[in-house]
Amino acid sequence: MKFLKYFFVALLSIVVTLIAVNQYVPVLIDVPKKDRLLVDFNFGKEITNKELIPVERKAKNIILLIGDGMGSNQIVAYKIAKEGPNAITAFDMFPVSGLVKTHAYNTVVTDSASSATAYSSGTKTINRYVGVDHEKNPVTNITELLHKKAYVNSIIATSEITHATPAAFAVHTESRYNTDAIAEQIFYSNNYFVLGGGSDFFKPKEDGGLREDGKDYLSKIKTDAILLETKNDLVNHRFKKGKKIFGLFNKEELIREAHEPSLKEMLDFALVNSNSMLEQGCKGFFIMAEGSQIDWEGHDNDFYGQYDEIEEFENAIKSALAFAKNRQDTLVLVTADHETGGLLIEKDTLRYKETNQMKVSWNTAIGKGDHTGAMVPIFAYGPGSVNFTGILDNTDIFFAMQEAIGINDLPEGICY
Ligand SMILES: [Zn+2]
């Protein structure tokens, strides 16, 4: 009897302590169990694309900057951490903005492969699919269309160049993980400037690379194209039209070693040399440059890591805007493929007091974050930007880019 009494007293005190601790310092014991509700809906897969406003004064060039995993909260949290809530950054310099729905063909939450395929080809597809529709049929991408209109194309990324987003602007495969096929197709693609990481995906395993099929595209690049391997190679390269340029600055993704160029430096290279291609017969240029690792830091729930990635991305935006402002013939688009991590800026406990602190949290505070189905912003500057307002489907971007340059009225031609 006595034992039972002590037992109940002990049990009661444990319960009271737990309740009290949970009340005042929930972080100690509260595994964030967010309310999760499965909401049924009817997945109407038919897409109604936005009616485009005819663009009078056409753009000649397009610079599409994709911050992988960069939702609006990533941008605002970056701005606040940088210079406070009143900060004016490159993101604030765009006269036009809109919101992009990012869902995939059959799921609410997309991956980069499906979302980049929507941007590159105007086609909703299944996650993991790159440059093919939901039935695995290849779909024509914008670099293929533009190549036939005498355009010069570039793909740039801070990940390996074979990663899903850049790949969607070059290849057609049912899996983003078919890296042998992706590297091979990138080698043969219409992209003249290919800049990023990932040299090992062009090199056979036997030679220390990652290719299972034994094919050696790195050697082929060295003979049939030009290979740049360091920032010095890039900066000092004296461009002459003739051979495609592959800048592969690390074995896999860029890891921010001193010998690697930044996203801005890669973009500047593509801008300057695409421009010189215009002087040598090309009619316009298209550049897709991706801040690839914003997404990875979101997956890792690493705010400061993400801050650095967005800062690097912002530097590239500044370059693109400076280029476009000088000429008034270039459409600059800044967007994301999806949001990653469910980043929140939460009310802190000092809401009624002045504070210099921002409380950020991720959707999955314990464990790693993942993509969300949130809409992402799009910012536009230059001719044709009128169509990047309101709510857009991610496939609308493909059609609005074509309207911006008036692709149907451009004469056929090939400039390389
Ligand atoms: Zn991701």
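**Ground rules.** I am reading a predicted model, in which local features need pLDDT of at least 70, side-chain atom pairs count only at pLDDT 80 or more, and totals for chains, interfaces and linings use all residues. Residues are numbered from 1 along each chain as its sequence is written, and side-chain values use heavy atoms, with hydrogens and water left out.

**Zinc site.** I looked up what holds the zinc ion and found D295 (OD), D295 (OD), H299 (NE2) and H371 (NE2) coordinating it at 2.0 to 2.3 Å. Donors here are N, O and S atoms within 2.8 Å of the metal (3.2 Å for Na, K and Ca), and sites may look incomplete because water is not among the atoms. I noted the sequence spacing of the donor residues as D-x3-H-x71-H. The angles among the four donor atoms run from 57 to 151°, so the site is irregular. To count as tetrahedral, four donors would need all angles between 85 and 135 degrees; four count as square planar and six as octahedral if opposite donors are over 155 degrees apart and all others between 65 and 115, and anything else is irregular.

I then asked why D295 and H299 are separated by about one helical turn. They sit four residues apart in helix 11, which accounts for that separation; helices (H or I, at least four residues) and strands (E, at least two) are DSSP runs numbered from the N terminus. D295 is buried at 5% relative accessible area, whereas H299 is partly exposed at 22%. For these words, buried means under 20% relative accessible area, exposed over 50%, and partly exposed in between (1.4 Å probe, protein chains only).

**Largest pocket.** I recorded 16 lining residues, of which H163, A164, R176, Y177 and W296 lie nearest the centre. Helix 11, residues 293-299, gives the most to this lining, with three residues. A pocket is, on a 1 Å grid over the protein atoms alone, an open set of points where a 1.4 Å probe fits, with protein on both sides within 12 Å along at least five of seven lines, and lining residues have an atom within 4 Å of a point.

**Helix 4.** Which residues of helix 4 are buried? I found that 10 of the 10 residues in this helix (112-121) are buried, so helix 4 is largely enclosed by the rest of the structure; among them are S112, T117, Y119 and S121. At the start of the helix, a side-chain oxygen of D111 comes to within 3.2 Å of the backbone nitrogen of A113. Just after the helix, G122 has a positive phi of about 65°.

A150 is not a glycine, yet I found a positive phi of about 60° for it. A150 lies in the loop between helix 5 (142-147) and strand 3 (151-160), and counts as buried at 6% relative accessibility. Q328, also a residue other than glycine, has a positive phi near 65°. Q328 sits in the loop between helix 12 (303-327) and strand 8 (330-335), and is partly exposed at 36% relative accessibility.

A77, in helix 3 (residues 72-83), is buried with a relative accessible area of 0%. From A77 to V152, 75 residues away in sequence, the distance is 36 Å, C-alpha to C-alpha. N394, in helix 13 (residues 394-405), is likewise buried at 0%.

How values were computed. Polar contact = N/O pair within 3.5 Å; in protein donor to acceptor, adjacent residues only side chain to side chain.
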